[in-house]
Amino acid sequence: MILFFYALAFVIIISALYVVLAKSIFRAALSLALCLITTAGLYLFLNASFIAAVQILIYVGGVVTLILFAIMLTERMINKDIKYINSQ
């Protein structure tokens, strides 16, 4: 059991460091999702199943999905060609 705890702690620390140090914001968001999922696994290890379910539903399901959609939509807007001349 203690090995499982250390494995979860190691994954949380590595993914949290990658969130901060990643050059790509998309990969940082995916690493944030991994960090939050393993934190939920840590809550399950501590027999706090309700907090683990809330962690997955709210943070991973809502916040990370919102961040990923925002990244994808802003990249599309940046790459869009804008007409500066009105052709009437």
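Helices here are DSSP runs of H or I with at least four residues, numbered from the N terminus. This is a predicted model, in which local features need pLDDT of at least 70 and side-chain atom pairs count only at pLDDT 80 or more, while totals for chains, interfaces and linings use all residues. Residues are numbered from 1 along each chain as its sequence is written, and side-chain values use heavy atoms, leaving out hydrogens and water.

View 1. Start with I13, which is found in helix α1. I13 belongs to a nonpolar patch on the surface together with F10, V11, I14, L17, V20, L21 and L34, and the patch has about 780 Å² of accessible area (Shrake-Rupley, 1.4 Å probe).

**View 2. The largest nonpolar core.** Here you can find A29, A33, L36, V60, V64, L68 and I71, the seven residues of the largest nonpolar core. Such a core joins buried residues (under 20% relative accessible area) through side-chain atoms within 4.5 Å. Both α2 (25–45) and α3 (49–78) supply at least two of its residues, and α3 provides the largest share, four.

**View 3. Around L68.** Beyond its neighbours within four places in sequence, L68 is in contact (heavy atoms within 4.5 Å) with F26, A29 and L30.

**View 4. I37 on helix α2.** I37 lies in helix α2. Its C-alpha is 10.0 Å from that of L8, 29 residues away in sequence.

Key. Buried means under 20% relative accessible area, exposed over 50%, partly exposed in between (1.4 Å probe, protein chains only). Patches are made of residues with over 30% relative accessible area and no salt bridge: like charges are joined within 9 Å, nonpolar side chains (Val, Leu, Ile, Met, Phe, Trp, Tyr) within 5 Å. A salt bridge is a side-chain nitrogen of Lys or Arg within 4 Å of a carboxyl oxygen of Asp or Glu.
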